[in-house]
Amino acid sequence: MKWECVIGLEIHAQLKTASKIFSPAAATYCDTPNQHVREVDCGLPGALPVLNRTVVEYAIRLGLALESEISELSEFARKNYFYPDLPKGYQISQFDYPIVSGGRLAIDMPDGEKIIGITRAHLEEDAGKLLHDVADGASGVDLNRAGVPLLEIVSEPDMRSIAEATAYAKAMHRLVRWLGVCDGNMQEGSFRVDANISVRRPNAQFGTRCEIKNLNSFRFLEQALEYEMMRQINVLEGGGTIEQQTRLFDSVKGVTRAMRSKENAHDYRYFPDPDLPPLAVSKAWIERVRQNMPELPATRRTRFMEVLGLSAYDAGVLTAERELADYFEAVLAAFSENNEPTAAKTCANWVCGELSGLMNKSGVSVAALPVSAVNLANLLQRIVAGDVSGKTAKTVLEKMWAHGEDADVVITREGLAQISDADALEKIADEIIAANPTQTEQYRAGKEKLFGFFVGQMMKATKGQANPAQTNEILRRKLT
């Protein structure tokens, strides 16, 4: 009988604020240890936390996007545990009364859309980190990260495969970046995943779960879940039992290792933080946040398909990132001035095709694109006007990419304008026909495939700049 895995994810999204959640220290990533630390962050006696208003708005924004309930009254609690990177001896988090409850996130799977339930999303501060072997085998404590605002997003255990878990993590990663609440930088720990996994026989009760901590790449998430699923299956099939544990993933060896027995909530001795009053969020505040929400990716993808007539594939690629969707719409707005009837498809082809190819090749993000939307639209207009062929336009785009220039500048300087002068093309055609009597005789005798040979000769003679439509018409007429 087959085994089935049951997976729920806890995602820590670092909120993209200038300062920390309870202090004015910078929340930006920094390589210099302890550069961004204030009294509250290092737990000095008498230092009091002051809640950053922006983190509340970001939590509301994500909650609205997930169709969650936004609590009008939530509460901060102290989660007590003792680690060297947590000088206070407790972490300020939300427990009984989180700011976001319930909700849903849709993921696209090969067999259709699946809805993953959201249990809650709560605000909390991050801890610091230990730096090992900093000098003579000693370890140090870096508190730059202490107090950085986190939103912990807890899913229901609704995922039944590693592919679903990965799809959910990627969908949440895209959403927090789309909303502008998290930069999603996984290498710097801005977006990291704790994965809870158990296995069971189909339709049996949930098994004992293990939690794999701090997975900071989608590949590691997949590898860790694959290993842990097989480990649990092997234990159970060998007659053993699964112990509830917190485990770490060794990305070098590709294995999970026991870190500690899983704590329960009572182990942390939660109690309301006496230094922070309950967090009150008015309906008016929630409504103001709602009014400033961007169009969500699923809504935009549907609009691209239903209003612009794009395929599901094109709409999916263009809405993978909010910046790319904005760029595409800017290209379309500039290009459509000439009322080209298939404008959206033309723009989508070039943004998803040639431009994305250059981005992937060079590793450049949308924010750093050297070709502006207006310049790309101008190039597309030159194609429609017959000033350059589609093939030559690819060369023009590469030169625009290299130098950040407008299409017209590149076309003029490089002499890449399409040859549409009928007299000139007829003269070149005459010369090619005269220079290839054997092929001409064979074509006229019925060898139709040789027509491509003559087109190729025309393109070679004009360095690809001959107007394709005129070339075809002239050659067919002269070869008849």
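Which residues line the largest cavity? Select Arg174, Arg177, Trp178, Ala320, Glu321, Arg322 and Glu323, and you have the lining.

Before going on, a word on the model. It is a predicted one, where local features need pLDDT of at least 70 and side-chain atom pairs count only at pLDDT 80 or more, while totals for chains, interfaces and linings use all residues. Residues are numbered from 1 along each chain as its sequence is written, and side-chain values use heavy atoms, with hydrogens and water left out.

**Stop 1: the largest cavity**

A cavity here is a set of points, on a 1 Å grid over the protein atoms alone, where a 1.4 Å probe fits but cannot get out; its lining residues have an atom within 4 Å of a point. The volume of the largest cavity is about 50 Å³, counted as the space filled by probe spheres set on the points. Now colour helix 2 (162–179) and helix 7 (322–335): each supplies at least two lining residues, and helix 2 gives the most, with three. Helices are DSSP runs of H or I with at least four residues, strands are E runs of at least two, and both are numbered from the N terminus. Colour the lining by class and you will find two nonpolar, no polar and five charged residues.

**Stop 2: the second largest cavity**

Next, select Asp41, Leu86, Pro87, Lys88, Glu125, Asp126, Ala127, Ala146 and Gly147, which line a space of about 40 Å³. This lining has four nonpolar, one polar and four charged residues, with Gly counted among the polar ones.

**Stop 3: from Asp126 to Arg192**

The term means a side-chain nitrogen of Lys or Arg within 4 Å of a carboxyl oxygen of Asp or Glu. Arg192 sits in strand 12 (residues 191–200) and Asp126 in the loop between strand 8 and strand 9 (129–135), 66 residues apart. Buried means under 20% relative accessible area, exposed over 50%, and partly exposed in between (1.4 Å probe, protein chains only).

**Stop 4: back to helix 2**

Select Glu164 and Lys114, a salt bridge with 2.8 Å between the closest N and O atoms. Glu164 belongs to helix 2 and Lys114 to strand 8 (residues 112–125), 50 residues apart. Glu164 is buried at 13%, whereas Lys114 is partly exposed at 23%.

**Stop 5: Asp387 and Arg382**

Finally, zoom in on the salt bridge between Asp387 and Arg382, 3.0 Å from N to O. Asp387 is partly exposed at 31%, while Arg382 is buried at 19%.

Key
1 Å grid on protein atoms, 1.4 Å probe; cavity = no way out; pocket = protein on both sides within 12 Å on 5 of 7 lines; lining within 4 Å.
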